[in-house]
Amino acid sequence: GTNDYTFLQYVNLRLVAVYDQDTDLSESPTADDSPRTTRTDATDAAHYLQVTFTMGAQYIPNESGLIPLDSVRVGQGDFLSSTDMTFHPCAQYSALPGFDAFPDKTVFDDRFPDPSASPPHQMCAPNAAMCVSPTSVPDQFVAFNVPLGVDWLPTAATGEAGDMETLSNNVFVHLVVSAKDKDQIGVSTPNNGEDPHQMKTTLSASIPVVRGGVNIFCDQITAKTDLQDVVNADLIIGTASDDAELTRLRILENIASSVLDRTDPKEIETPSIESGIMTLVVKGNESYFGLGGTQGYGVQLEDAITIHIMEPGTVKYDFVKGKLAEAGDDNYADASSLNYGGYDLNGAFRFEIDRSANRAHLFPTAALLEECPFSPARPDSTVAFPATCVLRRDVQEQGFPVRVGATSGTATEVLAEGVADRSSNGLFMQSVLGSSNYAKELGEKFSQTVADKYKLNNRYLRAWWINPGYEWTP
């Protein structure tokens with residue numbers, strides 16, 4: 001409607017809810033949630049009312065502010081005549097004398113952006129200061145935020161399950177707007193008032209509480225997909241010159257897992273390094289990687305660490321097997337926040353996480369390093385009994401580290417299908433088996449055989465060789 005006797009125009013109200021972004025419903029799934037989907041908890045929402053209006057260019061706020069804070073009153077009900085309007089939210093929020101303290105002020109202080117806070121407050125929330133009475137209005141537009149409280153609005157208004165009868169409610173607001181008429185300042189006797197340029201009006205307005213009628217901030221829906229959903233892997237033990245020989249090798253199929261199963265490791269006996277060479281084949285799901293818009297996505301082997309046990313008996317082997325069987329940590333520091341520093345996958349290995357780069361790197365735990373160090377010294381007269389359990393980085397941050405003094409490679413990628421020159425794979429096999437034409441030809445033929453069988457494409461179908469042997473270096 002219109003009001004012909006006010007200097008305010010374009011009055012508008014809106015209801016706002018700001019959720020706590022660090023809470024989710026993953027522990028208590030609802031109909032909208034599944035184990036792979038989490039959504040921000042709608043309870044403990046900070047509700048406030050925003051009042052906006054414009055003023056004519058000749059009006060300016062009084063020195064004490066445009067809106068006296070003790071004039072702001074709100075209430076919730078069906079009709080104004082039956083609604084309790086004794087709630088003075090801004091007087092309470094600003095701790096004016098004679099008013100009770102605002103009960104939820106601490107929540108409101110933490111719920112809105114403050115980059116200087118440690119940790120920073122929610123940057124997903126609007127930069128809305130509560131109960132700030134403007135002392136200047138350069139563009140003639142006024143936005144005034146009135147805090148209502150935590151879970152002050154009916155839950156049905158925010159789309160959650162609740163009493164549908166509350167949808168007939170309205171939120172009512174009364175406040176005084178006190179301004180000066182610049183055109184009357186300096187006029188000797190414009191009227192009979194003692195303050196001739198003073199302009200005051202009471203703004204009374206209401207907004208219905210309806211489903212979908214509340215602006216919601218910091219509501220997040222997170223969907224999780226395990227790598228196993230789109231990628232799997234095979235492990236080939238040994239080498240082959242053609243497809244017929246490949247079919248006779250031991251191939252462990254679909255070994256990828258989103259959880260490190262605490263089961264006994266598979267024991268594979270091989271009589272030589274050649275028959276023990278491992279080929280890790282990573283198989284991306286074509287139904288995913290073939291979708292439109294996924295051409296820039298692929299799979300990569302980020303890190304690989306092998307453990308080399310070089311002693312008779314089972315003491316070291318049992319120790320390593322025991323560490324692998326220990327339960328790992330969760331990827332959460334507590335019930336509602338991610339672990340940013342990293343976490344143990346089991347008793348032997350852990351992830352160090354670089355959240356800024358969205359990458360995680362594999363490291364041995366301190367317990368494993370005590371028994372199985374990296375690159376120990378070569379046995380000699382001064383170190384007659386060096387460590388017999390040794391760790392080796394075969395792949396580190398997608399690269400292949402070279403140990404000082406080593407003559408053999410530890411890992412390399414198998415060339416994709418269609419690559420004619422396979423000499424680099426032949427040279428790798430020579431570094432492992434010796435500089436012979438046999439080793440070179442075996443490397444080239446085995447590379448071609450694997451590439452043809454798995455249709456390697458250097459994007460989501462890829463394979464890597466890992467040298468099972470360990471060479472002492474200076």
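Reader: Which residues are linked with Arg350 in a network of salt bridges?

Author: Asp344 and Glu352 join Arg350 in that network. Keep in mind that this is a predicted model.

Reader: How far apart are the closest N and O atoms of Glu352 and Arg350?

Author: They come out at 2.8 Å.

Reader: And Arg350, buried or exposed?

Author: Buried, because its relative accessibility is 18%, and the cut-off for buried is under 20%. Glu352 has 29%, so that one counts as partly exposed.

Reader: How many salt bridges does the count come to?

Author: The count is 13 salt bridges.

Reader: OK, what does Asp234 pair with?

Author: Asp234 forms a salt bridge with Lys283, with 2.8 Å between the closest N and O atoms. Asp234 sits in strand S11 (residues 231-237) and Lys283 in strand S13 (residues 278-284), so the bridge ties together parts that are 49 residues apart in sequence.

Reader: Where do the two stand on burial?

Author: Asp234 is buried, at 3% relative accessibility. Lys283 has 22%, so it counts as partly exposed.

Reader: What about Glu413, which side chain does it meet in a salt bridge?

Author: That's Arg462, at 2.8 Å from N to O. This pair links distant parts of the chain too: Glu413 belongs to strand S19 (residues 411-413) and Arg462 to strand S20 (residues 461-466), 49 residues apart. Arg462 is buried, with a relative accessible area of 10%.

Reader: Switching to the nonpolar side. Which residues of the largest core touch the most other members?

Author: Leu15, Leu49, Phe53, Met55, Leu66 and Leu175, out of 49 residues in that core. At least two core residues come from each of strand S1 (8-18), strand S3 (46-55), helix H1 (89-93), strand S6 (141-150), strand S7 (170-181) and strand S8 (198-208). In soluble globular proteins, nonpolar side chains tend to be buried together.

Reader: Take Leu49. What is it in contact with, leaving aside neighbours within four places in sequence?

Author: Its contacts include Leu13, Leu15, Phe144, Val146, Leu148, Val171, Val173 and Ile207. Arg14 and Asn145 are on the list as well.

Reader: Which residues does the second core include?

Author: Val282, Phe289, Tyr460 and Trp464 are among its members. That core is separate and has 18 residues.

Reader: Now helix H6. Which of its residues are buried?

Author: In H6 (residues 315-325), the buried ones are Lys316, Val320 and Lys323. They cover an arc of only 60° around the axis, so they are on the same side of H6.

Reader: What covers them?

Author: The cover includes strand S14 (303-309), helix H7 (366-371) and strand S18 (389-396).

Reader: And on the surface, which residues form a nonpolar patch?

Author: Tyr288, Leu291 and Tyr297 do, with about 290 Å² of accessible area together. Tyr288 is in helix H5 (residues 286-289), and at 30% relative accessibility it counts as partly exposed.

Reader: Zooming out, how many helices and strands does the protein have?

Author: There are 9 helices and 20 strands. Of the 474 residues, 41% count as buried. The protein exposes about 25600 Å², and carbon and sulfur atoms supply 50% of that.

Reader: Last one: what share of the contacts with a separation of 6 or more is between residues 24 or more positions apart?

Author: Those account for 67%.

Key:
Residues numbered from 1 in each chain as written. Predicted model: local features only at pLDDT ≥ 70, side-chain atom pairs only at ≥ 80, totals over all residues. Heavy atoms only, no water. Patch = residues over 30% accessible without salt bridge, like charges linked within 9 Å, V, L, I, M, F, W, Y side chains within 5 Å. Areas by Shrake-Rupley, 256 points an atom, 1.4 Å probe, with all protein chains shown as cover. Salt bridge = Lys/Arg side-chain N within 4 Å of Asp/Glu carboxyl O. Helix = DSSP H or I, 4+ residues; strand = E, 2+ residues; numbered from the N terminus. Buried < 20%, exposed > 50% of the residue type's maximum accessible area, 1.4 Å probe, protein only. Core = buried A, V, L, I, M, F, W, Y, C linked by side-chain atoms within 4.5 Å. Contact = heavy atoms within 4.5 Å. Arc of directions from axis to C-beta.
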